[in-house]
Amino acid sequence: MRKLLFVLLALSLILPASATAMKIHPGVGLGFSADGGTVFLVGGSMGFEVHPMFRMVFEGGYGRGGNANHFWAGGGTDIFFLPNKKLIAQPYAYGSGGYRHSPNQNGGYVRFGGGVEFNLKAPVIPYAEIGGIIYFGGGTQGAFNLMGGIRFNM
């Protein structure tokens with residue numbers, strides 16, 4: 001029991017300190033997904049830079065297309081190829097997954113592809129992503145996915 005209390009006490013001291021040292025990148029994105037019909041997307045994300053090459057991301061959003069509303073929420077990772085903060089263009093690969101709700105198909109999704117962030121030495125970081133998305137549940141369906149927007153450097 002003492003060991004468990006010691007571990008909990010140590011975690012309660014370490015986690016807040018590491019969380020404050022971690023860079024946080026909230027973002028807003030606009031884009032579309034084309035899978036036989038076009039779905040226009042508006043999303044948000046919260047990224048936590050664990051390492052200069054690696055960022056954990058939680059995402060969610062809303063899409064409108066085909067006279068239907070689409071909602072999604074999930075998480076994933078961004079892996080940067082050139083983690084040099086002095087470069088203006090920062091290419092990265094991304095992958096994420098989660099749950100998607102729409103009137104005709106509920107289930108999971110997986111997004112993957114590549115993107116680039118533009119480090120303009122300002123609190124606002126523009127980005128663009130291109131890739132694919134696969135929907136699961138009620139049949140598997142693939143789509144082209146294009147997103148762009150801004151992230152905030154905090």
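User: Which residues does Val39 touch, not counting residues up to four places away in sequence?

Analyst: In this predicted model, Val39 touches Gly31, Phe32, Ser33, Gly63, Arg64, Gly65 and His70, once residues up to four places away in sequence are set aside.

User: Which nonpolar core is the largest, and what is in it?

Analyst: The largest nonpolar core has eight residues, and Val39 is one of them, together with Leu41, Trp72, Tyr109, Ile133, Tyr135, Ala143 and Met147.

User: Stepping back, how many helices and strands does the chain have?

Analyst: The protein chain has one helix and eight strands, and, read along the sequence, these elements follow the pattern α-β-β-β-β-β-β-β-β.

User: And what do the eight strands close into?

Analyst: The eight strands close into a barrel, in the order 1-2-3-4-5-6-7-8, with antiparallel pairing. On average, neighbouring strands of this sheet are turned by 25 degrees against each other, with direction ignored.

User: How many bridges do strand 3 and strand 4 pair over?

Analyst: Strand 3 and strand 4 pair over twelve bridges in the antiparallel sense, and within that pairing Phe58 stands opposite Gly75 in strand 4. The hairpin of these two strands has two residues between the strands, and there Gly66 takes a positive phi near 60 degrees.

User: What about strand 4 and strand 5, how many bridges there?

Analyst: Strand 4 and strand 5 pair over ten bridges, again in the antiparallel sense, and Ala73 stands opposite Tyr99 in strand 5. Further along, nine bridges join strand 6, residues 107-118, to strand 7, residues 124-135, which run antiparallel, and the bridge partner of Val116 in strand 7 is Ala128.

User: Switching to aromatic pairs, how many are there?

Analyst: The count comes to three aromatic pairs. One of them is Phe48 with Phe58, whose ring centres are 6.0 Å apart and whose planes stand at 70 degrees, so the pair is edge-to-face. Phe48 lies in strand 2 (residues 38-51) and Phe58 in strand 3 (residues 54-65), so this pair ties together parts that are ten residues apart in sequence.

User: Why does Phe48 count as partly exposed?

Analyst: Phe48 counts as partly exposed because its relative accessibility is 21%, and buried means under 20%. Phe58 also counts as partly exposed, at 47% relative accessibility.

User: Which aromatic pair is tilted?

Analyst: Phe80 and Tyr92 form a tilted pair, at 5.2 Å centre to centre and with 45 degrees between the planes. This pair links distant parts of the chain, with Phe80 in strand 4 (residues 68-80) and Tyr92 in strand 5 (residues 89-101), twelve residues apart.

User: Are Phe80 and Tyr92 buried or exposed?

Analyst: Both Phe80 and Tyr92 are buried. Across the protein chain, buried residues make up 32% of the 154 residues.

User: Which ring does Arg100 lie over?

Analyst: Arg100 lies over the face of Tyr135, at 3.7 Å from the ring centre, and Tyr135 is also one of the residues of the largest nonpolar core. In another part of the model, the charged end of Arg151 sits over the ring of Tyr127, 3.9 Å from its centre.

User: Last one: what share of contacts joins residues at least 24 apart?

Analyst: Among contacts in the protein chain between residues at least 6 apart in sequence, 47% join residues at least 24 apart.

Key:
Residues are numbered from 1 along each chain as its sequence is written. This is a predicted model: local features need pLDDT of at least 70, side-chain atom pairs count only at pLDDT 80 or more; totals for chains, interfaces and linings use all residues. Side-chain values use heavy atoms; hydrogens and water are left out. Two strands pair if DSSP finds at least two bridges between them. Helices (H or I, at least four residues) and strands (E, at least two) are DSSP runs, numbered from the N terminus. Axes are lines fitted to C-alpha atoms, for helices over the stretch in contact, and angles run from 0 to 180 degrees between N-to-C directions. Rings of Phe, Tyr and Trp (its six-membered ring) pair if their centres lie within 6.5 Å; planes under 30 degrees apart count as stacked, over 60 as edge-to-face and the rest as tilted. Buried means under 20% relative accessible area, exposed over 50%, partly exposed in between (1.4 Å probe, protein chains only). A charge sits over a ring if NZ of Lys or CZ of Arg is within 6 Å of the ring centre and within 35 degrees of the ring normal. A nonpolar core is a set of buried Ala, Val, Leu, Ile, Met, Phe, Trp, Tyr and Cys residues joined through side-chain atoms within 4.5 Å. Contact means heavy atoms within 4.5 Å.
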